[in-house]
Amino acid sequence: MSTDPETTDQAEPAVPETPAEDTGTGTETAGATEPTEGADGADSAETEGTAAEGKGDGAAASPELSAAEAELAAQRLERERIERRKAEKAGPIAAGTKLSGTAADLLAAVRAVESGEKPVATAFTGPEPAPRRAAVAEPPRRPQPVAPEPGAPAAGTVEAVRRVLADGGAPDSLAAQAAAVLGDGADEQLRADPWLLLRVAGVRPEPADGFARALLGPECAPDDERRGRALTVWLLEQAALAGHTALEAPALTEALAQRGVPDPDAATQSAIAEGEVLVFQDALDEPAVAVQRADDEAEEERPVRVLIGLERYALAEESLADGLARLINSVPKEEDGPAQGWERAGSAPGSAGELIRAVAGHGLVLHTGGEASLEEPAALLHAAAGLGLRVWAAAHSPVGRDRFAALLTRSAPPDGAGRAPGAPTAVTVAGLLSHAEGPGRDADGALDLDVLVVLDAPQLDVETAALVTESLPDGARLVLAGDPAVLWSAGPGRVFADLLAARAGPQVASRRPDPGPVGELVSGIGIGELNQVEAPGKEVVIVPVRDAGEAVHRTVQLVADSVPRVIGVPAEQTVVITPGHGGAAGTRVLNAALKERLNPGPGRFGGFDPGDRIAYSPAPGRTVPGQVVKADAEGLHLSCSGAPVVVPKERVEHSVRHGWALTAHQAVGARWPAVVAVLPGDAAQALSRPWVYTAFGRADRHLSVVHGVDQALPRAVAEIPAKPRTTRLPVLLRPQVPAAG
């Protein structure tokens, strides 16, 4: 490794041989890791028990981009489907009769409402296989203009909410959001329960308490039941932003106490009784313990944990478990399929042949590896297509889709001239689910395919993964492929990691290392080692900086001058990655500096000018890189991976950012010829091994590290793994899916 590309006479290792004084543990600048739009929010948590209290300000996609609107429509259909599933499973809780203390109180709250007088908070026990869903109306499969989503609040409703907000001293800018979230009669709901304002994204408890005091006067009190319920839901929503699908009951009650709720147990029980949250008890994979009964008889009891969660994530996780079990148990028998063809294809050498053999006999296969390992799913798809099967690949981002499509073209069998009708095709996961890309649907609404390879599998949150599995027909084979060392999904869950831990299917680990000095460096990071690598062509360069101001200056210099001139990679093929949006060297500051240097202009349309690089978020947690084309009365015209997108003016602020500099979560699933990773001193506490691995691993040819965190970097690589997430998927899979050997 060397210093700045301009320097040719001296090399410097990533970590000094003699450690200097550690200055990388100073207090982080406010906002340095501000979570927003689901990007890096999972790695900016305030605590392990609850998520960072940032705002998810991603907006819905433009009406002119049917893929994004259709994606939301597909999600609504899935919500309706799992609602029907929930109704079928709303039975009494059979387990947990021997719990005591808080756990018993929580379960008693559920049983108290099972008579039907109040909404039932269903506790799931052993789930049953999912029935095939009925055919659903298919939205348009190809992009075309669509009408705005039908649930937009009426102008009168918004105005009524605005008056209530004014009476309570809250910003009237929240009126449209509150009306959309609360629906008809939103103004009356807010007057009756002011803490419902917490359901609006970005609203924190302190302003909500002030709003309640202004409306309720002397009636407002910390022990108000309405406040306790609202804070319970809010804390679980914040936990979801940090990646949890549920929280253990003690963690939730502790968080409620920290928020000034006098009786956290009562608040939780009230939320359960009102059906606003669900309670679960999961048997722990631990030996049973002997307990003494009241009649002095001893008996064994298996330890359990009590979890509290929001319905949408609980049902998505259950739907995912059922869908995976269905796929695993419905794989065609050998005599029903092209067994001899699979056998011939599986004779390929190395881990590619191992992957093909695993897919031949299983409905779910897990494939792990880095960028070089993508050749193995490509070989699988070509082999399956050669057997006459309908095969597709789905990537997390358009950049990843286009890269894999190019790999499929390069690796196609030489005997075909051009693309054969059954040749494998790459799409995005979002496009596949929204019907904008990919195959058609059968009469049951399932995708017309036989084999689906989902790339970037660690980026699947529980809701997206549930949609994917429920969209597959019986007998289809699902391959989840990805690098388990990268950052987990921006949304709740850790689907890929949970499936690997549960051994839900055969696991094929690629033996193909990523090439070159960058690949060697990143491979070491994956096992907790920050090694010095030989980089004769300046493939890896370390640029030490003293403070955030110097970090910004050197970053602009690298992107605009040094990397293009010395390395030969133009500025438009270089991306900057930094830990957060805020702070003195976050994406906002860096993008402002890069715009001034690379594409100066007045920013007449929401701060944007034609030619600006942008990061477009059609839905929370999903980022599409692109470029501004123009702006007119219709909105901001973008080009995103070659597709035209029009974002209405009112949505620009929340769904479009400048895109020269990204967070690691925004960049995951894509790679660029050159990457400048910026590590300012105020971001030291945000670093972890997955973050460093992801950021450094986005580089194909060249990596520059603007290094201002001293020993915090090697310490993060060696000592700070991914933050744990509380999920239920392994427990739900256990009774349905036997662990693979």
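The model is predicted: local features need pLDDT of at least 70, side-chain atom pairs count only at pLDDT 80 or more, and totals for chains, interfaces and linings use all residues. Residues are numbered from 1 along each chain as its sequence is written, and side-chain values use heavy atoms, with hydrogens and water left out.

**Second largest pocket**
- The second largest pocket (an open set of 1 Å grid points with protein on both sides within 12 Å along at least five of seven lines) has a volume of about 770 Å³.
- Its lining comprises 40 residues (each with an atom within 4 Å of a point), and Gly-370, Glu-371, Ala-372, Leu-374 and Arg-671 lie nearest the centre.
- At least two lining residues come from each of α14 (398-410), β10 (477-482), α18 (516-526) and β21 (699-707).
- The lining of this pocket has 17 nonpolar, eleven polar and twelve charged residues.

**Cavities**
- The whole structure holds ten cavities of 30 Å³ or more, a cavity being a set of points where a 1.4 Å probe fits but cannot get out.
- The largest cavity has a volume of about 100 Å³.
- Of the 15 residues lining the largest cavity, Ser-397, Thr-623, Gln-666, Ala-667 and Val-668 lie nearest its centre.
- β15 (622-632) and α22 (664-667) each give two or more residues to this lining, and β15 gives the most, with four.

**Aromatic contacts**
- Arg-728 lies over the face of Phe-280, at 4.0 Å from the ring centre; the criterion is CZ of Arg within 6 Å of the ring centre and within 35 degrees of the ring normal.

Terms used
Grid points are joined across faces, edges and corners, and a volume is the space filled by probe spheres set on the points. Ala, Val, Leu, Ile, Met, Phe, Trp, Tyr, Cys and Pro count as nonpolar, Asp, Glu, Lys and Arg as charged, and the others, Gly among them, as polar.
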